[in-house]
Amino acid sequence: FNLITGARGHFLEKGVLILFDSLFFLTIGLPPQYFMYLAFLKEFHNMLIHSNIRSDFGWLGRFVLISPNAHRLHHSIDPRDYNRNYGTLFVWWDYISHTFSRTDKSIDIGITAYHINDRGFLHGQFTETVSFIKKAFFPSKQ
C-alpha cells in the first residue's frame with residue numbers, strides 16, 4: 001500500500017463515478033464548487049485508506065467512514081478475509097450488507113497469481129477495457 005494505490009483503478013470506473021456524482025449534484029441543485037470540494041475530499045480519503053497508515057479512525061471509523069484498518073482487510077490474501085469490507089467511503093454499506101469486519105491482526109495484502117499482472121499496467125488496462133465492452137455490449141448467449 002502506498003499513496004497511489006487507490007489511483008490504480010480503471011479509467012472507465014472513475015469516469016462513471018464522476019458522472020453519477022455530478023448528476024446527483026445537478027439534481028439536488030448544489031453549486032458546482034461543492035462538487036469540487038467533495039471530489040477533493042473523496043480522493044484524499046481514498047489515498048488514506050490505501051496508504052500504509054494504521055488507523056481505525058476511532059468512532060468515525062466505526063460509524064461513518066471506512067478506515068485504513070478496515071479497508072486493508074478487503075485487500076487481504078487470506079481466504080478467511082475474502083468478501084469483507086468493500087466500502088471505500090461510508091462504513092454503513094458494509095453494515096447493511098453484513099460484510100463489515102473489525103480486525104486488529106496483521107494483514108498480508110496483495111493479489112497472487114493474477115494473469116492480468118503478468119504483462120504490465122497498460123496491457124491490463126487494455127485487456128480489462130475490452131473485456132468490459134464485450135460483456136456490456138455483446139453478452140454471450142447461453
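These questions and answers look at ring pairs and salt bridges in a predicted model.

Q: How many aromatic pairs does a search of the whole structure find?
A: The search finds five aromatic pairs.

Q: Why is the pair of Tyr34 and Tyr37 called tilted?
A: Check the distance, then the angle. The ring centres of Tyr34 and Tyr37 are 6.3 Å apart, and the cut-off for a pair is within 6.5 Å. Their planes stand at 35°. Stacked needs under 30 degrees, and edge-to-face needs over 60.

Q: Where do Tyr34 and Tyr37 lie?
A: Both are in helix H2, residues 32-49. They sit three residues apart, which is about one turn of the helix.

Q: Why is Tyr37 called exposed?
A: Its relative accessible area is 53%. Exposed means over 50%, so Tyr37 qualifies.

Q: What makes Tyr34 partly exposed?
A: Tyr34 has a relative accessible area of 41%. Buried would need under 20%, and exposed over 50%. The value for Tyr34 falls in between, so partly exposed is the term.

Q: How do you know that Tyr95 and Phe100 form an aromatic pair?
A: Their rings are 4.7 Å apart, centre to centre. The cut-off is 6.5 Å, so they pair. The angle between the planes is 40°, and the pair is tilted.

Q: Are Tyr95 and Phe100 buried or exposed, or partly exposed?
A: Phe100 has a relative accessible area of 18%. That is under 20%, so Phe100 is buried. Tyr95 has 38% and is therefore partly exposed.

Q: Which residues do ring pairs link into a cluster?
A: The cluster consists of Phe24, Phe25 and Phe35.

Q: What makes Lys42 and Asp21 a salt bridge?
A: Their side chains meet at 2.6 Å, N to O. The rule asks for within 4 Å, so the contact counts. The bridge links distant parts of the chain, 21 residues apart. Lys42 is in helix H2, and Asp21 is in helix H1, residues 11-28.

Q: Why are Lys42 and Asp21 called partly exposed?
A: Lys42 has 27% relative accessibility. Asp21 has a relative accessible area of 22%.

Terms used. Residues are numbered from 1 along each chain as its sequence is written. This is a predicted model: local features need pLDDT of at least 70, side-chain atom pairs count only at pLDDT 80 or more; totals for chains, interfaces and linings use all residues. Side-chain values use heavy atoms; hydrogens and water are left out. Rings of Phe, Tyr and Trp (its six-membered ring) pair if their centres lie within 6.5 Å; planes under 30 degrees apart count as stacked, over 60 as edge-to-face and the rest as tilted. Helices (H or I, at least four residues) and strands (E, at least two) are DSSP runs, numbered from the N terminus. Buried means under 20% relative accessible area, exposed over 50%, partly exposed in between (1.4 Å probe, protein chains only).
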